[in-house]
Amino acid sequence: MSNHLPNEARVIPLRPHGERPAGAPPRQAPPAPAAKEPLWRDLVGDVLRRERLAQERTLKDVADEARISMPYLSEVERGRKEASSEVLAAAAHALGLNLGDLLTRAQGELIRVTSRYTAGRRGATTSSHDGMCLAA
């Protein structure tokens, strides 16, 4: 057996913890992470879920009427799936809405949510839109 010391480095601080060198600027808190704009699928899913719950209907009931699977509708409501316009229209119709109603409500939600993000940014411009433009 050898009497070797373990292979561990020993750290010797040059100055006590928390002490800054003379003339160093005071530490500032790290900037808060930039808020991300919501995804369209999250907004549409939120609108579908809120409307379904407002009508006190189950996922199964709406999915059956829309002729889509219950797990898929659940994924759409949670923003996990990017649903086609056909699926969105079917879900909207099952809730007594047309596709335009669904998209208008999602647009309103987008404007409401993003106004929080742009209000705090310097140089951010705000605009008002009377219509909606979606690109595939």
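Of the 136 residues in the protein, 26% count as buried, a label given to residues under 20% relative accessible area, with exposed meaning over 50% and partly exposed the range in between (1.4 Å probe, protein chains only). The structure is a predicted model, in which local features need pLDDT of at least 70 and side-chain atom pairs count only at pLDDT 80 or more, while totals for chains, interfaces and linings use all residues. Residues are numbered from 1 along each chain as its sequence is written, and side-chain values use heavy atoms, with hydrogens and water left out.

The protein holds 5 helices and 0 strands, and its elements follow the order α-α-α-α-α from the N terminus. Helices (H or I, at least four residues) and strands (E, at least two) are DSSP runs, numbered from the N terminus. Among contacts with a separation of 6 or more, 63% link residues 24 or more positions apart; a contact here means heavy atoms within 4.5 Å.

The largest nonpolar core has 21 residues, of which Val44, Leu48, Ile68, Leu73, Leu88 and Leu102 touch the most other members. Such a core is a set of buried Ala, Val, Leu, Ile, Met, Phe, Trp, Tyr and Cys residues joined through side-chain atoms within 4.5 Å. At least two residues of this core come from each of α1, α2, α3, α4 and α5 (99-119), and α4 contributes the most, with 5 residues. Leu102 illustrates the packing: leaving out residues up to four places away in sequence, Leu102 touches Val44, Val47, Leu48, Leu88 and Ala92.

Helix α2 comes next. Leu59, Val62, Ala63 and Ala66 are its buried residues. Viewed down the axis of α2, these buried residues fall within an arc of 100°, so they line one face of the helix; the arc is that of the directions from the helix axis to the C-beta atoms. An α-helix has 3.6 residues a turn, so residues three or four places apart point the same way. The cover over the buried residues of α2 includes α1 (40-54), α3 (70-77) and α4 (85-94). After α2 comes Arg67, with a positive phi near 60°.

Leu73, Ser74, Val76 and Glu77 are the buried residues of α3. Seen along the axis of α3, they fall within an arc of 160°, so they line one face of the helix. These buried residues of α3 pack against α1, α2 and α4. Just after α3, Gly79 adopts a positive phi of about 75°.

The whole structure contains 10 salt bridges, each defined by a side-chain nitrogen of Lys or Arg within 4 Å of a carboxyl oxygen of Asp or Glu. Arg57 and Glu65 form one of them through their side chains (2.8 Å, N to O). Arg57 is buried at 17% relative accessibility, whereas Glu65 is partly exposed, with a relative accessible area of 47%. Another salt bridge joins the side chains of Asp64 and Lys60 (2.9 Å, N to O). Asp64 and Lys60 lie 4 residues apart in helix α2 (residues 59-66), which means that about one helical turn separates them. Asp64 is partly exposed at 48% relative accessibility, and Lys60 is partly exposed with a relative accessible area of 49%. A salt bridge also links the side chains of Glu75 and Arg78 (2.3 Å, N to O). Glu75 is partly exposed, with a relative accessible area of 23%, and Arg78 counts as partly exposed at 38%.

Finally, His93 deserves a look. His93 sits in helix α4 and is partly exposed, at 49% relative accessibility. Neighbours within four places in sequence aside, His93 is in contact with Glu65, Asn98 and Leu99. His93 and Ala66 are 27 residues apart in sequence, and their C-alpha atoms are 7.2 Å apart in space.
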